[in-house]
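User: Hi! Could you walk me through how the pieces of this model pack together?

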Amino acid sequence: MALVFDGVSFRYGRQAPVFHTFDLTVDAPATVLLGPNGAGKSTLMGLAASHLRPAAGTVAFGRSRPDRRGLAGYRKKVAWIPQHITPVPGLTVREQIAYAGWLKGMSRASAWESSAAAVERVGLGPLAGRKSHQVSGGQLRRMGIAGALTHHSELILMDEPTAGLDPQQRQVFRDLVTELSASLQVLVSTHQTEDLSELYQRIIVLDRGTVRFQGSPAEFHALAPATAAGGRERAEAAYGRLVGQEI
Ligand SMILES: Nc1ncnc2c1ncn2[C@@H]1O[C@H](COP(=O)(O)OP(=O)(O)OP(=O)(O)O)[C@@H](O)[C@H]1O
């Protein structure tokens with residue numbers, strides 16, 4: 001299914017617009033969003049998550065729209081995993097995962113039942129009974145993903161999911177993105193260039209509210225000079241050509 005921005009304009013208060021009649025279609029199983037500080041990545045994620053409202057234009061996921069009538073249905077399909085998930089005091093990891101399903105309109109019983117598979121899928125089975133305030137930042141983010149899986153999200157938005165994680169937790173996340181994108185869609189904003197071609201079918205480079213590049217990892221790497229060697233070096237060189245700076 002496609003996440004479509006059609007003629008979207010957005011500004012914070014009276015500041016200059018972050019997006020002006022912005023068009024974008026995101027339809028690959030796994031897409032990565034790159035861009036320098038202030039490019040508009042978080043704003044784009046906020047609009048896609050329906051936490052921010054465009055002043056003009058529309059955002060849609062398939063036939064679902066975050067308008068007054070469709071908002072609850074849209075938020076069930078499109079899940080947003082912020083960098084910082086807040087543990088709910090007193091709840092265990094599995095209870096908080098089930099709670100996420102209940103918040104999206106599932107019955108307690110079906111949310112609890114559905115959370116069993118979700119907790120295993122993100123590798124938190126051994127921690128299911130632990131209080132959610134007693135797990136690490138990376139585990140909390142995986143708990144957020146399990147909540148999205150509990151209510152059967154079809155698109156998961158992840159804002160800098162690996163920021164601040166150690167190499168082992170980053171690898172856990174990379175494996176999870178690959179596994180998730182086999183059955184649903186993921187859109188990840190990141191500053192990490194490692195493994196782009198292994199993880200994502202589509203790369204988008206955003207700069208000052210404009211799409212500078214959208215294409216496959218092979219097309220992205222082809223922008224790098226022939227002298228650039230490995231995958232990461234090619235990605236950084238390609239990015240530098242597009243936005244005039246390093247990632
Ligand atoms: N809450 C806010 N209020 C006012 N201006 C904001 C707010 N959030 C972002 N901005 C501005 O909107 C523009 C886009 O910011 P945004 O956070 O979307 O970029 P970003 O690509 O996510 O940057 P970073 O990589 O630094 O997180 C920037 O000029 C920023 O200063």
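User: At what angle do H3 and H5 pack, and how far apart are their axes?

Analyst: Happy to start there. This is a predicted model, in which local features need pLDDT of at least 70, side-chain atom pairs count only at pLDDT 80 or more, and totals for chains, interfaces and linings use all residues. Residues are numbered from 1 along each chain as its sequence is written. Helices (DSSP runs of H or I, at least four residues) and strands (runs of E, at least two) are numbered from the N terminus, and axes are lines fitted to C-alpha atoms, for helices over the stretch in contact, with angles from 0 to 180 degrees between N-to-C directions. On that basis, H3 and H5 pack at about 45°, with their axes 7 Å apart.

User: Which word describes how H3 and H5 lie to each other, and what is the hand of their crossing?

Analyst: Angles under 35 degrees count as roughly parallel, over 145 as roughly antiparallel, 65 to 115 as roughly perpendicular and the rest as oblique. H3 and H5 pack at about 45°, and they are therefore oblique to each other. A crossing is left-handed if the near helix is turned anticlockwise from the far one by less than a right angle, and right-handed if clockwise; the crossing of H3 and H5 is right-handed.

User: Which residues of H5 meet H3?

Analyst: Contact here requires C-beta atoms, placed from the backbone, to lie within 7 Å. The H3 side of the contact consists of Val93, Gln96, Ile97, Ala98, Ala100 and Gly101. Their counterparts in H5 are Met143, Ala146, Gly147 and Thr150.

User: How many residues of H5 are buried?

Analyst: A residue is buried if 20 or more other C-beta atoms lie within 10 Å of its own, exposed if 12 or fewer, and partly exposed in between, with C-beta atoms placed from the backbone. The buried residues of H5 pack against S5, H3, H4, S6 and helix H6 (167–180). H5 is mostly covered, and the number buried out of its 14 residues is twelve.

User: What span does H5 reach from its first C-alpha to its last?

Analyst: The expected span of a helix is 1.5 Å times one less than its number of residues. H5 has 14 residues, for which 20 Å is expected, and its reach is close to that, at 20 Å.

User: What is the order of the strands in the six-stranded sheet, and which strands stand at the edges?

Analyst: Two strands pair if DSSP finds at least two bridges between them. Six strands form an open sheet with mixed pairing, in the order S5-S6-S7-S3-S8-S9. Each edge strand has a single partner strand, so one side of each is left without a neighbour in the sheet; the edges are S5 and strand S9 (210–215).

User: What is the order of the three-stranded sheet, and which are its edge strands?

Analyst: The sheet is open, its pairing is antiparallel, and the order is S2-S1-S4. Each edge strand pairs on one side only, and these are strand S2 (19–26) and strand S4 (56–61).

Note on methods:
Two residues are in contact if their C-beta atoms, placed from the backbone, lie within 7 Å.
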